[in-house]
Amino acid sequence: MLTITALLENKTINPSLSHYPGLSLLLEDSESKTQIIFDTGKDLTFISNAQKMGIDLTEVKTIVISHGHYDHFGGLTQLNADFFTKKPRIIAHLHLFSVRYSALFIGNKNIKFKRLAPVFDREKLELQFTFELTDIPLPISQNFIYSGQVNHRQINKRYGVIIDDSGEMDDYVLDDSFLIWQGSQGLVIITGCSHSGIESIIQHAKKITGNSKIQAIVGGLHLRCATPTALQRAKKAIEEHVVVYGCHCTGILGRKYLNAKDFNAGQTLSFE
């Protein structure tokens, strides 16, 4: 059985918990006794919320970061070195440490706005955690698979710019990745923001697992300001029997169009 607890989300059902636009989920597989923290929000709110819920995260051995934006990666950069009992492994894409900004594009020029990567000290983090950065699928346990990079996207949208020693490049958030849990009733897809497009994510999940049966999708679907075409594309890709829990960047419009359920901080889901 898979249990998913929302440690942080845009909204909450519990007035004692903090919330803001961000995401952090605790995934627990009863069969393999595997615990995974999926994303960490922008700060340590996911830790304080867990403590308020009576959840001990200090024994967690695996953390997955869906992509390098501050509202998913930022909390990891603020953790104390002695928080976990043992040094956790961090699974993420090769571009996790990219420095990126949102931008307005005018022809070949761009106007940079907000920094989208958290402020971090990479050397310090690499001493604190064991990083496994990869762009290919990675089995984590008997039932969990890290997706790696979604190479075949129906839509390639640039979300800003990446700045490194060689200069600037358009940022298509190639590090957008997700988790798959394989259960007796089918796959559960757990997403951060779905910058790749949920239609491409679904196809990628089916391809790497060889399983075409999906029981649920949980996470951000990046449909908050989606065009009618994008909404139609997402709806067409999700079969009617699939239960959708729209978090974070799914938005009111996206949840309504997909008939998605809320999944807010303090709530728990179970799948078999």
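Two strands pair if DSSP finds at least two bridges between them. Strands here are DSSP runs of E, at least two residues long, and helices are runs of H or I, at least four; both are numbered from the N terminus. This is a predicted model, in which local features need pLDDT of at least 70 and side-chain atom pairs count only at pLDDT 80 or more, while totals for chains, interfaces and linings use all residues. Residues are numbered from 1 along each chain as its sequence is written, and side-chain values use heavy atoms, with hydrogens and water left out.

**View 1**
Strand β11 covers residues 160-164 and pairs with strand β6, residues 99-106. The sense is antiparallel, over 3 bridges. Val-99 has Ile-163 of β11 as its bridge partner. Strand β12 (residues 167-171) also runs antiparallel to β11, joined by 5 bridges. Here Ile-163 has Glu-168 of β12 as its bridge partner. β11 and β12 form a hairpin, with 2 residues between them.

**View 1. The open sheet around β13 and β14.**
Which order do the 6 strands of the open sheet follow? They run β9-β10-β13-β14-β15-β16, and the pairing is mixed. β9 (138-139) and β16 stand at the edges with a single partner strand each, so one side of each has no neighbour in the sheet. Further in, β13 and β14 (residues 186-191) run antiparallel and are joined by 6 bridges. Trp-181 stands opposite Val-188 in β14. In a regular strand, side chains alternate between the two faces of the sheet.

**View 2. The largest pocket.**
A pocket is found on a 1 Å grid over the protein atoms alone, as an open set of points where a 1.4 Å probe fits, with protein on both sides within 12 Å along at least five of seven lines; lining residues have an atom within 4 Å of a point. The volume is the space filled by probe spheres set on the points, which are joined across faces, edges and corners. The largest pocket holds about 960 Å³. Its lining has 35 residues, and Tyr-159, His-195, His-222, Arg-224 and Cys-249 lie nearest the centre. Helices α2 (70-77), α4 (198-209), α5 (228-237) and α6 (251-258) each supply at least two lining residues. By class, the lining has 15 nonpolar, 11 polar and 9 charged residues. Nonpolar covers Ala, Val, Leu, Ile, Met, Phe, Trp, Tyr, Cys and Pro; charged covers Asp, Glu, Lys and Arg; the others, Gly among them, are polar.

**View 3. The second largest pocket and Asn-259.**
This pocket holds about 230 Å³. Its lining includes Lys-235, Tyr-257 and Asn-259. β16 (243-247) and α6 each supply at least two lining residues. Asn-259 sits in the loop between α6 and β17 (268-271). Its phi is positive, near 55 degrees. Asn-259 counts as exposed because its relative accessibility is 67%. Exposed means over 50% relative accessible area, buried under 20%, and partly exposed in between (1.4 Å probe, protein chains only).

Val-173 lies in the loop between β12 and β13 (178-183). At 0% relative accessibility, Val-173 counts as buried. Its phi is positive, about 50 degrees, although Val-173 is not a glycine. Most residues other than glycine have a negative phi. Thr-45 lies in helix α1 (residues 45-52). Is Thr-45 buried or exposed? Thr-45 counts as buried, because its relative accessibility is 12%. Beyond its neighbours within four places in sequence, Thr-45 is in contact with Leu-8, Ser-18 and Tyr-20; contact means heavy atoms within 4.5 Å.
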